[in-house]
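Trainee: Can we go through this model together?
Mentor: Fine, have it on screen and ask as we go.

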Amino acid sequence: MATAELSNLKQDLTRRMDGALETLRRDFAGLRTGRAHTGLLEPVKVVAYGTEMPLNQVGTVGTPEARLLTVQVWDKSMVGAVEKAIRDAGLGLNPASDGMLIRVPIPQLTTERRNELAKLAHKYAEGAKVAVRAVRRDGMEQIKSHEKKHDIGEDLAKDWADEVQKLTDQFIKKVDEAVTDKEKDIRQV
């Protein structure tokens, strides 16, 4: 029974740590690196039909060129709202509409802006590490709880704690690798 519980605990902790890593990847997708990619507009919310909606629910985002994004708006009445949402999203982008197609040129990043984006990437990574450590703390508390109830012995509790720590170390390493890759991507001219 103890081995099955360890397996379930490990699966749960892995799933939760994967969630923290996935959130980090989504945060990184919103960081501009000087090249166009559709994930750049993912955080943009458009006020449409009396509610806030993700941009991809009012139009199709495309990348026809390396330094240009396009948004094909499905409803002509939404073009102005989409333009405003992109401009107000704090991404430093200046969209221009051409009928129902909105062109979003991606300007070259300055060295100062690259440094700001690198700092922001590190901030996102630190948030992911905090989330991973919180999951580890929950796992350790579950192990202590089992030990206190005498469901498991002291040696087994130590083994489980070691497993949880190994898992945590693996995910912290993945976060470090992700932020290193993103920083390289940001600083590349």
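**Pocket, sheet and helix**

Mentor: The lining of the largest pocket divides into seven nonpolar, four polar and five charged residues. Here Ala, Val, Leu, Ile, Met, Phe, Trp, Tyr, Cys and Pro count as nonpolar, Asp, Glu, Lys and Arg as charged, and the others, Gly among them, as polar. Before we go on, this is a predicted model, so local features need pLDDT of at least 70 and side-chain atom pairs count only at pLDDT 80 or more, while totals for chains, interfaces and linings use all residues. Residues are numbered from 1 along each chain as its sequence is written, and side-chain values use heavy atoms, with hydrogens and water left out.

Trainee: Which residues lie nearest the centre of the largest pocket?
Mentor: R26, D27, G30, P43 and Y124, out of 16 lining residues. A pocket is an open set of points on a 1 Å grid over the protein atoms alone, where a 1.4 Å probe fits, with protein on both sides within 12 Å along at least five of seven lines; lining residues have an atom within 4 Å of a point.

Trainee: And how much space lies in the largest pocket?
Mentor: About 240 Å³. That volume is the space filled by probe spheres set on the points, with grid points joined across faces, edges and corners.

Trainee: Which helices each supply at least two residues of the lining?
Mentor: α1 (2-29) and α3 do. Helices are DSSP runs of H or I with at least four residues, strands are runs of E with at least two, and both are numbered from the N terminus.

Trainee: What is the span of α3, first C-alpha to last?
Mentor: Helix α3 covers residues 111-148, which is 38 residues, and reaches 55 Å, close to the 56 Å expected at 1.5 Å a residue. The expected span is 1.5 Å times one less than the number of residues.

Trainee: Which residues of α3 are buried?
Mentor: The buried set is R114, L117, A118, A121, A125, A128, K129, V132, V135, G139, I143 and H146. Buried means under 20% relative accessible area, exposed over 50%, and partly exposed in between, with a 1.4 Å probe and protein chains only.

Trainee: What comes after α3?
Mentor: H150 follows α3, in the loop to α4 (154-187). H150 is not a glycine, yet its phi is positive, about 65 degrees. H150 counts as exposed because its relative accessibility is 70%.

Trainee: OK, Y49 then. Where is Y49 found?
Mentor: In the loop between β1 (45-48) and β2 (51-54). Those strands make a hairpin with two residues between them, and Y49 takes a positive phi near 55 degrees there. Y49 is exposed, because its relative accessibility is 58%. β1 and β2 pair antiparallel over four bridges, with T51 in β2 as the bridge partner of A48. Two strands pair if DSSP finds at least two bridges between them.

Trainee: What is the strand order in the open sheet of four strands?
Mentor: The order is β3-β4-β6-β5, with antiparallel pairing. β3 and β5 (96-98) stand at the edges with a single partner strand each, so one side of each has no neighbour in the sheet. The twist averages 25 degrees from one strand to the next, using axes that are lines fitted to C-alpha atoms and angles from 0 to 180 degrees between N-to-C directions.

Trainee: How many bridges join β3 to β4?
Mentor: Five, between β3 (residues 59-65) and β4 (residues 68-73). β3 and β4 form a hairpin with two residues between them, and E65 has L68 in β4 as its bridge partner.

Trainee: And β5 with β6, how many bridges?
Mentor: Three, in the antiparallel sense. A96 has R103 in β6 as its bridge partner.

Trainee: Last two. Is L40 buried or exposed?
Mentor: L40 is buried, because its relative accessible area is 0%. L40 sits in the loop between α1 and β1, and its C-alpha is 9.1 Å from that of L69, 29 residues apart in sequence.

Trainee: And where does Q108 lie?
Mentor: In the loop between β6 (101-105) and α3. Q108 is partly exposed, because its relative accessible area is 47%. Q108 and R67 are 8.6 Å apart, C-alpha to C-alpha, and 41 residues apart in sequence.
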